[in-house]
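Here's a quick tour for anyone opening this one up for the first time. Take a look at the sequence and the model, then read on.

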Amino acid sequence: MRALISDIHGNLEALQAVLADIESKGIKEIFCLGDVVGYGPNPAECIDLVMDLDMCLLGNHDSAALFDPEGFNAGAERAIFWTRSVLERGTGSKAERRWDFLGELSRRYRDEASRTIFVHGSARNPLNEYVFPDDIYNQVKMEKIFALIERYCFQGHTHIPGVFTESLEFFSPEEIGFRYQLDHQKVMINVGSVGQPRNNDPRSSYVTVDGNEVQFHRVSYDMEKTIEKIYAIPELDNFLGDRLREGR
Ligand SMILES: [Fe+2]
């Protein structure tokens, strides 16, 4: 059994709650699909926890903290520069290890045995491309991406969990009773976001995979604590805290 988490975005309370939930299920293997930092108030602490996981991919916010933010709105860009300053402020080997860790993350991971790929965005553009539920109406886009997927692709980036089938359907976890059975059909599965859920449910989202059985999970966390921290940091817009309450 394996757990898949994504889009933590510096939200330590959410990450701790999700890791505790995973541990309570006795799951040992955890993959993270990127965006450990950006938006949230605890980038360094989140990196420290993610370092111990079995696999982590580079997200667009991680990349922006390392290099230069491109295509971000003003609030997200300010958050990235603040994130970078926090990581630069750290001294000693721990701080250095955090930079090295981010710098060495890969954009794609393939599991040979299950012919599954893992990306942050999409199989076509692992770092930056969004695949939204409405993209099922964009046949050309979806066909091009599915052509790059052998069987299954797990991804994050949009913060909206669900299953995209090759026959161009999208199922939210609620519509399928939070379970999906993998079969011969190609699918893209978005695992949702730990630290900034955007599908009108403020609880953290993650996925477990047990053989062919995919299960979506939601976990409550102490979001008022996270919001309070965001309000106290001038470089992080209050909106970044407010949106956590609404899950959008
Ligand atoms: Fe993200």
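**Around cysteine 32**

Let's start with Cys32: setting aside residues up to four places away in sequence, Cys32 touches Ile5, Ser6, Val50, Leu53, Cys56 and Leu57. Keep in mind that this is a predicted model.

**The nonpolar core**

- Cys32 also turns up in the largest nonpolar core, which has 60 residues; Leu4, Ile5 and Cys32 are the ones that touch the most other members.
- Helix 1 (residues 12-24) gives this core its largest share, six residues.

**Alanine 65**

- You'll find Ala65 in helix 3 (residues 60-66).
- Is Ala65 buried or exposed? With 28 other C-beta atoms within 10 Å, Ala65 is buried, because 20 or more is enough to count as buried.
- Ala65 and Phe239 sit 174 residues apart along the chain, and their C-alpha atoms are separated by 20 Å.

**Helices 7 and 8**

- Helix 7 (residues 223-232) and helix 8 (residues 238-246) have axes that come within 8 Å and cross at roughly 165°.
- That angle makes helix 7 roughly antiparallel to helix 8, because anything over 145 degrees counts that way.
- The crossing of helix 7 past helix 8 is left-handed.
- On the helix 7 side, Met223, Thr226, Ile227, Ile230 and Tyr231 make the contact, while helix 8 brings Asn238, Leu240, Gly241, Leu244 and Arg245.
- Sorted by class, the contact of helix 7 with helix 8 has six nonpolar residues, three polar and one charged.

Note on methods:
Residues numbered from 1 in each chain as written. Predicted model: local features only at pLDDT ≥ 70, side-chain atom pairs only at ≥ 80, totals over all residues. Axes fitted to C-alpha atoms, helices over the stretch in contact; angles between N-to-C directions. Helix = DSSP H or I, 4+ residues; strand = E, 2+ residues; numbered from the N terminus. Parallel < 35°, antiparallel > 145°, perpendicular 65-115°, else oblique. Left-handed = near helix turned anticlockwise from the far one by under 90°. Contact = placed C-beta atoms within 7 Å. Nonpolar A, V, L, I, M, F, W, Y, C, P; charged D, E, K, R; others polar. Core = buried A, V, L, I, M, F, W, Y, C linked by C-beta atoms within 7 Å. Buried ≥ 20, exposed ≤ 12 C-beta atoms within 10 Å, placed from the backbone.
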